[in-house]
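The sequence and the model are displayed below.

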Amino acid sequence: MFNIDRLCLGCMNDNGGEKICPICSFDSSSRNPENALPLKFVIDDRYVIGKVLSANGEGITYIAWDNAAEIAVNIKEYFPINFANRNPDKTVSMVKGGEYTFNEGLMEFAEINRAIMHSTLSSLIPVTSVFEENGTIYAVSSVVQGITLESFLERNGGTLKWEQARALFLPLIDTISGMNDLGIIHRGISPETIIVGRDGKLRISGYAIKKLRLENSELETEIEAGYAAAEQYGFEGMHDDTYTDVYGLSATIFRVLIGSSVPEATLRLQNDVMTIPSRFAEELPRQVLAALANGLQVLPKERTKNIEAFKNELIYGEIPDIPVRKEKAVKEDEAPKKKGSSAKSGIIAAAITAGVLIIVGTVLLLTVFKDNIFDIGNNPSSSEESSSSAPVVESIGTVESGAEITAKLYKVPDFKGKYYSEIEDNDEYEMFDIIISDKNFSADCPKGTVCSQSVKAGNEVERDTKIELVISLGVQEVKVANLSGLSETEAKLELLKQGFLYENIEVLEKYDEDKKPETVVDQSPKYGEKVNVDTAVKIYINSYKGEETSSEENS
């Protein structure tokens, strides 16, 4: 085994045990942050923890040393800030009241990383192991030598020609499409999450749980302005899907080809003014302009629906016919509202201008379908003019000036925890249009009470504003899954998927020579029993080690 005392815990290179690493300047006397695992802590009886590389609302990433393979690796520990505590023995416990959020993310974290581990998609950074320990889950990935795409562009003139970008991005596009096919959306595609390896290939990093990249979630979010789509900011009526990755990928390719970032989506919703130097409109293939046009639509319903369709437009020129509509000013009270705002819930449909079929900010789309915007190839005199300066399009979605609010406003009550029967016939609430939008099982809300409301309590709204309530169906009852033959980790994940609470799962041992070692041989409640998801569950792991071990012990 390699002598880890010779390793730098900052870069995992052999520096002879120097206090200050001559390779990366890491000081071996330094410590990791208080809520992180300490330097030289060993997990899975194999990995030696090094310095913290990054941390966010999902977890902490460390550089580490794999004693078995004798190589450096990266390890991500699921540790959602505000929902996890680090105990003195370095195990992880859940913050009281945040158990559901913690467990929901834990399950998703495991699913994403297991999907990557079993995948053969070429542009993924390989995940080599996913295991449970210390009350949480760890994902081990290979260390890829390279730099971010943003750094690569900065070192190479700021942009790439389409011929260069095309070869680079094709495998990456196929990989993102393949992950979408598995039901996994990235939501954070940008020049900072794409790595240019020393081998010249692009790889996508930063796959994370959904709530990390959606504003207004319980977690501390991580949203990249200019690359995040409008639906990630919590606007009513907008939901993330595969087209969310289309936006991030389109914005990234725009940055690569044009040299600047797309304005933040929230700003584009209000006033979508974008220009590009005319030389790019003239130099780039028309199908590239059109693909970026459709991929950068602010409204999800107007955007290219999935990565495969985007690829067909970008590479093969399969461009759909897109109607070009006239511009229309947007009134202030028609602007898109975030969830919990005072807007009526149906307002999003009229939120953006009727003419928001933008492409690279309206200009690109009209370049493809309306040559006279740039006067390319039709009018020599106007073409000359367009080459001297960036074309400008009148702003779309400007707010009307001089508008006055005269309607009487009413403060929205806090309906959470109230029984719907207390609300529906109460004259106190007659000025609101209150409806039940959904009914969900909940371990936190008593049956029949309100779990959530579409408009935040305390907001002031006009009369007859629609307020949608979600009503609790109480604790869910499920038929217990068959855990027989599963490993401990597999059994726990199966129970979490069913809605059982992590802290209610107890692991015990039971000896059975007729069953596979280290798998579930018994469970309580039994398979098929119908119980509440807050029921305590016991799983019995086979302590029998196998014939070879038994014979050795007997000898």
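## Helix α4 and threonine 244

Threonine 244 is located in helix α4; helices here are DSSP runs of H or I with at least four residues, strands are runs of E with at least two, and both are numbered from the N terminus. The model is a predicted one, in which local features need pLDDT of at least 70 and side-chain atom pairs count only at pLDDT 80 or more, while totals for chains, interfaces and linings use all residues. Residues are numbered from 1 along each chain as its sequence is written, and side-chain values use heavy atoms, with hydrogens and water left out.

With a relative accessibility of 1%, threonine 244 counts as buried (buried means under 20% relative accessible area, exposed over 50%, and partly exposed in between, with a 1.4 Å probe and protein chains only). Leaving aside residues up to four places away in sequence, threonine 244 contacts Arg187, Ala229, Glu231, Gln232 and Arg303, where contact means heavy atoms within 4.5 Å. The burial extends to the helix as a whole: 17 of the 17 residues of α4 are buried, so the helix is largely enclosed by the rest of the structure. The end C-alpha atoms of α4 are 24 Å apart, in agreement with the 24 Å that its 17 residues should span at 1.5 Å a residue; the expected span is 1.5 Å times one less than the number of residues. Glycine 259 follows α4 and has a positive phi, near 95 degrees.

## Overall composition and helix α1

The protein contains 13 helices and 21 strands. Of its 555 residues, 48% are buried. Among contacts between residues at least 6 apart in sequence, 64% join residues at least 24 apart.

Helix α1 covers residues 99-117, and its 19 residues reach 27 Å from the first C-alpha to the last, close to the 27 Å expected at 1.5 Å a residue. The buried residues of α1 include Phe102, Leu106, Phe109, Asn113 and Ile116. An α-helix has 3.6 residues a turn, so residues three or four places apart point the same way.

## Nonpolar cores

In soluble globular proteins, nonpolar side chains tend to be buried together. A nonpolar core is defined here as a set of buried Ala, Val, Leu, Ile, Met, Phe, Trp, Tyr and Cys residues joined through side-chain atoms within 4.5 Å. The largest such core has 91 residues, and those with the most contacts inside it are Ile75, Phe169, Tyr207, Leu257 and Leu314. Helix α4 (residues 242-258) gives the most to this core, with nine residues. Apart from this core lies another, of 15 residues, among them Phe415, Tyr429, Ile434 and Val461.

Isoleucine 75 contacts, among others, Ile43, Tyr47, Ile60, Tyr138 and Val140, not counting residues up to four places away in sequence.

## Cavity and pocket

On a 1 Å grid over the protein atoms alone, a cavity is a set of points where a 1.4 Å probe fits but cannot get out; a pocket is an open set with protein on both sides within 12 Å along at least five of seven lines, and lining residues have an atom within 4 Å of a point. Grid points are joined across faces, edges and corners, and a volume is the space filled by probe spheres set on the points. The structure holds one cavity of 30 Å³ or more. The largest cavity has a volume of about 30 Å³, and its lining includes Arg187, Glu222, Tyr227 and Gln232.

The second largest pocket has a volume of about 1,300 Å³. Of the 45 residues that line this pocket, the closest to its centre are Leu53, Thr61, Asn74, Ile125 and Ser205. At least two lining residues come from each of β2 (47-55), β3 (59-66), β4 (71-78), α1 and β8 (136-142).

## Loops and backbone features

Glutamate 70, in the loop between β3 and β4, has a positive phi near 55 degrees although the residue is not glycine. Aspartate 464, in the loop between β15 (460-462) and β16 (466-472), likewise has a positive phi, near 70 degrees. The peptide bond from serine 524 to proline 525 is cis, with omega near 0 degrees.
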